[in-house]
Amino acid sequence: NCSAVGSYITTENRTAALAATESGGVWGTGVAISPPANKSATSEPTLAAVSCTAAGECTAVGGYLTNTSEQEGMVAREVAGTWQPAVEIPAPASGESVILSGIDCPEAGQCVAVGGYSTAGGEGGLIVPESAGTWGAAMTTVLPANAKTSEPYEPLQTVSCAKAGDCLAVGEYLDSSEHYDAFVVPDVGGTWGADEVIAPPAGSTGIAAGLSGVSCLSSGSCT
């Protein structure tokens, strides 16, 4: 049993969110995922990632346009095999828009979603925790010491959790030399720590590096 998410183009030539499920080795017809109630007439919803705790019990994340033309994050949940309408994940107080790009759910009702949020001057990393089925407020990451502070760029790409409260998020950021560097953000015991820069291997130009995937099999053992 597998689940996949993404988007499709409607007959009105608009983007819509899509989920598809495989059962017994057979893929079913895709399901349209309704965006949050405050969607715009041309909300353009998309889903970027999905995580499941059991067959028919999944959570997917993405983004959409609101009726005030803001780009916000959204989360859609599949319950007992039926996808529910998505709910909004708003930008933090310091942000203007959100896009969610990664999620992991080590237990039912215990998920972590990550992505980026924009401000008037740049883009930061975003972490949104879920506890006992309730999504908390979006948390922003702290820029590494050598990051560019004017017009910063630090989105998170994805996240993996060995268990609830033990996760690792990854992404890239723009340093003060305007080079892209890879970084990780650890969650230990439910507390998110400081960003950690990942040095590139020998032979790197040092101009561009980033992380776009991660898998954590146990605490402290991630790739």
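This is a predicted model: local features need pLDDT of at least 70, side-chain atom pairs count only at pLDDT 80 or more; totals for chains, interfaces and linings use all residues.
The chain contains 21 strands and zero helices. Its radius of gyration is 18 Å. Along the principal axes, the C-alpha atoms fill a box of roughly 45 × 40 × 35 Å. Of the contacts between residues at least 6 apart in sequence, 46% join residues at least 24 apart.

Buried residues account for 40% of the chain. The accessible surface comes to about 10600 Å², and carbon and sulfur atoms contribute 53% of it. Charged side chains number 23 negative and 5 positive. The centres of these two sets lie 7 Å apart.

The largest nonpolar core has 14 residues. V61, L100, I103, V128 and W135 make the most contacts inside it. Strand 10 (97-107), strand 11 (110-118) and strand 12 (123-131) each give two or more residues to this core. Strand 10 gives the most, with four. Another core, of 13 residues, lies apart from the largest one. I127, Y173, F183 and W192 are among its members.

A16 is found in strand 2 (residues 15-23). A16 has a relative accessible area of 12%, under the 20% cut-off, and therefore counts as buried. Beyond four places away in sequence, A16 touches G6, S7, Y8, T10 and P45. P45 is 29 residues from A16 along the chain, yet their C-alpha atoms are separated by 5.1 Å.

Conventions
Residues are numbered from 1 along each chain as its sequence is written. Side-chain values use heavy atoms; hydrogens and water are left out. A nonpolar core is a set of buried Ala, Val, Leu, Ile, Met, Phe, Trp, Tyr and Cys residues joined through side-chain atoms within 4.5 Å. Buried means under 20% relative accessible area, exposed over 50%, partly exposed in between (1.4 Å probe, protein chains only). Contact means heavy atoms within 4.5 Å. The radius of gyration is taken over C-alpha atoms; the globule rule is 2.2 Å times the number of residues to the power 0.38. Accessible areas come from the Shrake-Rupley method with a 1.4 Å probe; for residues, only the protein chains shown count as cover. Lys and Arg count as positive and Asp and Glu as negative; His and the chain ends are not counted. The place of a charge is taken as NZ of Lys, CZ of Arg, CG of Asp or CD of Glu.
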